[in-house]
Amino acid sequence: MIEAMTTDEVHVTVGWEEEGENKGGNGSGESGKSTIFKQIKLLFQTGFNEAELRSYISVIHANVYQTIKILHDGAKELSQVESDSSKYVISPDNQEIGEKLSEIAGRLDYPLLIKELVHDVKKLWQDPAIQETFSCGSIVQLPDCAQYFMENLDRLAEADYVPTKEDVLHARVRTNGVVQIQFSPVGEGKRGGEVYRLYDVGGQRNERRKWIHLFEGVNAVIFCAAISEYDQMLFEDETKNRMMETKELFDWVLKQRCFEKTSFMLFLNKFDIFERKIQKVPLSVCEWFKDYQPIAPGKQEVEHAYEFVKKKFEELYFQSSKPDRVDRVFKIYRTTALDQKLVKKTFKLIDESMRRSREGS
Amino acid sequence: MASVAELKENHAVATAKVNTLRERLRQRRQMLLDTDVERYSKAQGRAPVSFNPTDLVCCRTLQGHSGKVYSLDWTPEKNWIVSASQDGRLIVWNALTSQKTHAIKLHCPWVMTCAFAPNGQSVACGGLDSACSIFNLNSQADRDGNLPVSRMLTGHKGYVSSCQYVPDQETRLITSSGDQTCVLWDVTTGQRISIFGGEFPSGHTADVFSLSINSSNTNMFVSGSCDATVRLWDIRIASRAVRTYHGHEGDINSVKFFPDGQRFGTGSDDGTCRLFDMRTGHQLQVYSREPDRNDNELPTVTSIAFSISGRLLFAGYSNGDCYVWDTLLAEVVLNLGTLQNSHEGRISCLGLSSDGSALCTGSWDKNLKIWAFSGHRKIV
């Protein structure tokens, strides 16, 4: 009557990074792990059918409202606080539109994004003050999908709009529970095809110590760290640097007794954003990386900076792992969750690695 | 309109003021507390409870879970037990025969709590899915032999840590959650009737981990939290807590009303159990372990229960100990963890049968055990 847990199922827990408080879907700080979930669905499952794609319309529209509100409110705040405040003052023609959109976006239920509203959003988006605010997106807690959706506004508001896979990958929605997905990187039914179950626990915004031990026995923990966030502050505490928070979290997870024998996969995620940012914002703004010395501008710098960050995580891993845990598997992967090919390749590598360690045991 | 900086400063000033007032309150209470239960009882010459190691024995080991046991609950009338495990299953046991009558596969395996409905026909469970699922034990199993969920109570924004049906009311259930609130649900409609805490002030300021409804007055319940406080709630007035109880120095993992409904007990990460007076808010007694000789990490209290009379307090600990405390004299009269046949891991949950004749303990060693008073021993 009671079947034992089948041993050819591999349970992996997706690690987490702090997510912003989300009344009405606001907030940022996603490490990209739910994007990875969507990629998995696209790569290793049947993908999204039309009904599922359509189900994302309200989320995407919500993201549009949230983005423009963050920009509008952000511009207003910066115009009061910053020394050269004038550049954040929204032009008189757009102020009324701005207030209206901000009010709409503050409601619990958003109206459908129709042509008239899109026209207003576009007008506001193009306001120099808003553009100025956008350029310091890190300060105002702007989600990464902001630019993508702003640049596709017309398409999003069409009457017969069906979101593309790309749109869905960019969409941001917060869950409260645990998201679960089952897949096989090699292909279900194929010989040697391991079944993976992935659990995303990022939706829990509470005391992890009270439930983390539920995961004792998973084969691996995937920890997603958005390396592009070295200059950003937490949504819920603007005095705290996100990278420092990630560092503390990673350290904490490594030390948990329930993961003594568990393999760790570290995804250094959002490499694409990291690549662009490193040219403008020095790594050393983050306390953990304060001893970083740049070498030369351009591609070389990106690689150099990435290796530096990777080394910091490696050092942290070994510091936080007691001697009796040295034989646990630890692998680092450079990822860009939006890049489907890269995600596919990463999971194939993980699959090989997990196989090897299971055969060895 | 005040700037962000001004608001932050006002907030800091207000917080400091609250802390000062709180400290003054604490000192005032200290002054008024002239004695505790232990000293009073000893002064009265109360005789200790006499307990032999053979008075309480393990008479059943319920094996069947393939993962850690996290929660258990007895039926109010018959001797059935429902248990929840990390293996993603609820099992319903006949405690007398050890037979498993139901094995329910859960959609979300991360379950943290389970409870029997008053009529014994349904069970509820909840966990990391942030929802409470109700199963009717009489419903038809599907093709795969699984019981369907008859109702899902959704709305919490964090894990469900504990759930309890309102005694004698099949349709009302209270949950506690990692989202810092407790909720009263109407099981038939799935609607939230009241939310305790959250947006309203006087709610908990951290995860709520446990709750206990007063069987003498089912309008009242207490909740214990990671904010180290217990709060008393009146179901009819959700907007504010009736009272907050301070004293513990760590997460409160378990709260239970004392049989007379005038007091309640608590168990905490700070390694102690405490007894509080519901009406006055006074901390009546602290039950602290002797420090470990080996100076290991202090075992935490995971779960508690009172005997029928309240003379005994059962406390399960993270290191597998299960102390039987004499509540009056604050002495440990028995440690079930050292008896024959004891658990081999953390005690995660425990509960007394409704007639008080048996104690069931659940452990991370994947088993449940039933302990019964043997021989001439009367139920205490």
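I call a residue buried when its relative accessible area is under 20%, exposed when over 50%, and partly exposed in between. With that in hand I went to A:E103, which at 44% relative accessibility counts as partly exposed. This is a predicted model, and I read it as one throughout.

**Entry 1: a pair within chain A**

I stayed with A:E103 and looked for its partner. A:E103 forms a salt bridge with A:R107, and their closest N and O atoms are 3.1 Å apart. A:R107 has a relative accessible area of 37%, so I put A:R107 down as partly exposed too. Over all chains, I find 32 salt bridges in the structure.

**Entry 2: chain B as a whole**

Next I stepped back to look at chain B. Which secondary structure elements does chain B have? I noted 2 helices and 28 strands.

I then checked the overall dimensions. For 380 residues, a compact globule would have a radius of gyration near 21 Å, and chain B agrees because its own value is 21 Å. Along the principal axes, the C-alpha atoms of chain B fill a box of roughly 65 × 55 × 40 Å.

I also looked up burial, and 56% of the 380 residues of chain B count as buried. For sequence separation, I took the contacts in chain B between residues at least 6 apart in sequence; 49% of these join residues at least 24 apart.

**Entry 3: where the two chains meet**

The salt bridges between chain A and chain B number 4.

I picked two of the cross-chain pairs to follow in detail. In one of them, the side chains of B:D269 and A:K210 meet at 3.5 Å, N to O. This pair crosses between chains: B:D269 sits in the loop between strand 19 (263–268) and strand 20 (272–277) of chain B, and A:K210 in the loop between strand 3 (195–200) and strand 4 (220–226) of chain A. Is A:K210 buried or exposed? I have A:K210 as buried, since its relative accessible area is 5%. B:D269, at 27% relative accessibility, counts as partly exposed.

The other pair is A:E216 with B:K68, whose side chains form a salt bridge at 2.6 Å, N to O. A:E216 lies in the loop between strand 3 and strand 4 of chain A, while B:K68 is in the loop between strand 1 (56–62) and strand 2 (69–74) of chain B, so this pair joins two chains. I noted A:E216 as partly exposed because its relative accessible area is 36%. B:K68 has 6% relative accessibility, so B:K68 counts as buried.

I then followed shared partners. Salt bridges of this kind link A:E207, A:R209, A:K210, B:D251 and B:D269 into one network.

**Entry 4: positive phi in chain B**

Phi of B:S98 is near 70°. B:S98 is in the loop between strand 4 (89–94) and strand 5 (100–105) of chain B, and I have B:S98 as partly exposed, with a relative accessible area of 25%.

Where does B:K366 lie? I found B:K366 in the loop between strand 27 (358–363) and strand 28 (368–373) of chain B. Phi of B:K366 is near 80°, and at 38% relative accessibility B:K366 counts as partly exposed.

**Entry 5: a histidine in a loop**

My last stop was B:H156, in the loop between strand 9 (151–154) and strand 10 (160–165) of chain B. With a relative accessible area of 4%, B:H156 is buried. Which side chains are in polar contact with the side chain of B:H156? I noted B:T175 at 2.7 Å and B:D179 at 2.9 Å.

Key:
Residues are numbered from 1 along each chain as its sequence is written. Chains are lettered from A and ligands numbered from 1 in the order in which they are written. Side-chain values use heavy atoms; hydrogens and water are left out. Helices (H or I, at least four residues) and strands (E, at least two) are DSSP runs, numbered from the N terminus. The radius of gyration is taken over C-alpha atoms; the globule rule is 2.2 Å times the number of residues to the power 0.38. Buried means under 20% relative accessible area, exposed over 50%, partly exposed in between (1.4 Å probe, protein chains only). Contact means heavy atoms within 4.5 Å. A polar contact is a pair of N or O atoms within 3.5 Å; within protein, one must be able to donate a hydrogen and the other to accept it, and residues adjacent in sequence count only if both atoms are side-chain atoms.
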